[in-house]
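Dear colleague,

I am handing over the structure we spoke about, and you will find the sequence and the model together just below. After them come my notes on what was found.

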Amino acid sequence: MVWFILDEIESIKRFLGLGGDVLIAIFVLTVLLWTLILERYFFFAMSFPAQAKSILLQWSERVEAAAWNNQQVRRALISQASISAHQSLPLIKTLIALCPLLGLLGTVVGMVQVFDVLAVTGTGSPRAMASGISKATIPTMAGMMAALSGIYFAVQLEKRAQKVTRELTDKLQHH
């Protein structure tokens, strides 16, 4: 088991070495992206139900007051829940947008390396150019894959945030 893990870590190191420094940046962004996505799923599964319950309890314990005051308190409670449900979603979307851009940066860096090799050795060294071509294509692929995998979950999280906020709004109206 330990050998398998060490072998996989070595494979990841080799892959990161093929893509250059830009691929390492994409890897870090991807880890951050997935950490935020998992945190949001954990939040909706564990924290938000308790927060919604607390808000409903707070609403039900309100003493009769003027209708205008109740409306303002209701709006504040819904706004508080909406802010917490949508927390980190803009950052997730930003990270998704950055991944392909970093991939394109990797393409540019790799192509510059290819042109440097061409300038020094001429066109006779395909092996020397292969390293630059690898650095040009692998970060692009990695950035696109990271962005595509994140888009699906970001959309799902956005829908879930809207849904839980709408459900809480309905419960506060009928209470």
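**What the model shows**

The protein has five helices and zero strands, where helices (H or I, at least four residues) and strands (E, at least two) are DSSP runs numbered from the N terminus. The radius of gyration, taken over C-alpha atoms, is 25 Å, well over the 16 Å that the globule rule (2.2 Å times the number of residues to the power 0.38) gives for 175 residues, so the protein is more spread out than a compact globule. Along its principal axes the C-alpha trace spans about 85 × 40 × 20 Å.

Please keep in mind that this is a predicted model, in which local features need pLDDT of at least 70 and side-chain atom pairs count only at pLDDT 80 or more, while totals for chains, interfaces and linings use all residues. Residues are numbered from 1 along each chain as its sequence is written, and side-chain values use heavy atoms, with hydrogens and water left out.

Of the 175 residues, 34% count as buried, which is to say under 20% relative accessible area, with exposed meaning over 50% and partly exposed lying in between (1.4 Å probe, protein chains only). Among contacts (heavy atoms within 4.5 Å) between residues at least 6 apart in sequence, 83% join residues at least 24 apart.

**Salt bridges**

The count comes to three salt bridges, each being a side-chain nitrogen of Lys or Arg within 4 Å of a carboxyl oxygen of Asp or Glu. Lys93 and Glu158 form one of them, at 3.2 Å from N to O, and this pair links distant parts of the chain, with Lys93 in helix H4 (residues 89-121) and Glu158 in helix H5 (residues 126-174), 65 residues apart. Lys93 is partly exposed at 44% relative accessibility, whereas Glu158 is buried at 18%. Glu39 and Arg40 also pair, their closest N and O atoms being 3.0 Å apart; here Arg40 is buried, with a relative accessible area of 1%, and Glu39 is partly exposed at 33%. Lys163 and Glu167 meet at 4.0 Å, N to O, and, because they are four residues apart in helix H5, they are separated by about one helical turn.

**A buried arginine**

Arg74, in helix H3 (residues 67-85), is buried yet has no salt bridge, the nearest side chain of opposite charge being Asp170, 6.6 Å away. Leaving aside neighbours within four places in sequence, Arg74 is in contact with Trp59, Thr169, Leu172 and Gln173.

How values were computed. Lys and Arg count as positive and Asp and Glu as negative; His and the chain ends are not counted.
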